[in-house]
Amino acid sequence: MDSKGSACSNPNPNPTFGPSKLMLAFRFLRALSIVHRTTPASSPTCRGRRIERAAYASMAYSAGTSRAWSRAVLRRLHHRARRRAVAPRRLSTTAGNRAEALRRLVPGGAGMDYCTLLEETADYTKCLSMQVELMQGIVDSASSNGR
Amino acid sequence: MSSRRSRVSEEEINELISKLQSLLPEARRRGGGRASAAKLLKETCNYIRSLNREVDDLSGRLSALMATVDNNSAEAEIIRSLLRS
């Protein structure tokens, strides 16, 4: 019988369901430890921002390059854009401008056709909520002890 | 993969939109399948924005927790072991 349990050979065993929670946790915790080691304790705000970037980075790495939103996040991170958040541009009429607000929220949303946008939104939303769950879990377990 | 430039069926769009609806937390869903596409997209936007805010807030809290790592509290030990894993 097939052992469905061995996910190690395939880094993304459920391509339709997004990254596994375990991989997400592993990446994020590793990123957290890097932030911890490399950010001076004297700048908690800077550290907070770096943790936030680590959150989106580990989300995107876990999703891989098969998703347009994760590619967009990774592009943005690698270019280390100093600019403020993307200024909303006029969308070309070929892409249409249905769901403009959504296009601004989903990374890479501006150039997508409507159908792709909806698919990407679903995946992005799922990954984002998993990331939030993960971070909340870490905060909870770190806070609930030592009463 | 990306869809063709020719018209995608309304059926497919509706399917994708109801999938989005199923991703919304209970409190944000408008009971049943009667909500209009526009409302659902708006709710999805609100949901994504709130998730972004949560990431922001939790990042701050994690940063504060890191500050305790240099202490010898029990909390610090938990964090240290989490960071080592």
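Author: Helices here are DSSP runs of H or I with at least four residues, numbered from the N terminus. This is a predicted model.

Reader: OK. From the N terminus on, how do the elements of chain A run?

Author: They run α-α-α-α-α. That comes to 5 helices and 0 strands for chain A.

Reader: And what does chain B have in helices and strands?

Author: Chain B has 3 helices and 0 strands, in the order α-α-α from the N terminus on.

Reader: How much of each chain counts as buried?

Author: In chain A, 44% of the 147 residues are buried. For chain B, buried residues make up 34% of 85.

Reader: Switching to the interface. What area is buried between chain A and chain B?

Author: About 3,800 Å², with carbon and sulfur atoms giving 73% of that. On the chain A side, A:Leu105, A:Leu118 and A:Val139 lose the most area to chain B, together 14% of what that side buries.

Reader: How many residues does each chain put into the contact?

Author: Chain A supplies 42 residues and chain B supplies 38.

Reader: How many salt bridges does the rule find across the interface?

Author: It finds 1. A:Arg49 pairs with B:Asp56 in a salt bridge, and their closest N and O atoms are 2.5 Å apart.

Reader: And how many residue pairs are in polar contact between the chains?

Author: The count is 5 residue pairs, with both residues at pLDDT 80 or more.

Reader: Which elements of chain A give two or more residues to the side that touches chain B?

Author: Helix H1 (21-38), helix H2 (44-63), helix H4 (100-105) and helix H5 (114-143) of chain A. H5(A) gives the most, with 20 residues.

Reader: What is the makeup of that side by class?

Author: The side of chain A that touches chain B has 23 nonpolar, 13 polar and 6 charged residues.

Reader: Last one. What accessible surface does each chain have, and how much of it is carbon and sulfur?

Author: For chain A the accessible surface is about 8,900 Å², 54% of it belonging to carbon and sulfur atoms. Chain B exposes about 5,500 Å², and carbon and sulfur atoms supply 48%.

Definitions and conventions. Residues are numbered from 1 along each chain as its sequence is written. Chains are lettered from A and ligands numbered from 1 in the order in which they are written. This is a predicted model: local features need pLDDT of at least 70, side-chain atom pairs count only at pLDDT 80 or more; totals for chains, interfaces and linings use all residues. Side-chain values use heavy atoms; hydrogens and water are left out. Contact means heavy atoms within 4.5 Å. Buried area is the accessible area (1.4 Å probe) that two parts lose on being put together, summed over both. A salt bridge is a side-chain nitrogen of Lys or Arg within 4 Å of a carboxyl oxygen of Asp or Glu. A polar contact is a pair of N or O atoms within 3.5 Å; within protein, one must be able to donate a hydrogen and the other to accept it, and residues adjacent in sequence count only if both atoms are side-chain atoms. Ala, Val, Leu, Ile, Met, Phe, Trp, Tyr, Cys and Pro count as nonpolar, Asp, Glu, Lys and Arg as charged, and the others, Gly among them, as polar. Buried means under 20% relative accessible area, exposed over 50%, partly exposed in between (1.4 Å probe, protein chains only). Accessible areas come from the Shrake-Rupley method with a 1.4 Å probe; for residues, only the protein chains shown count as cover.
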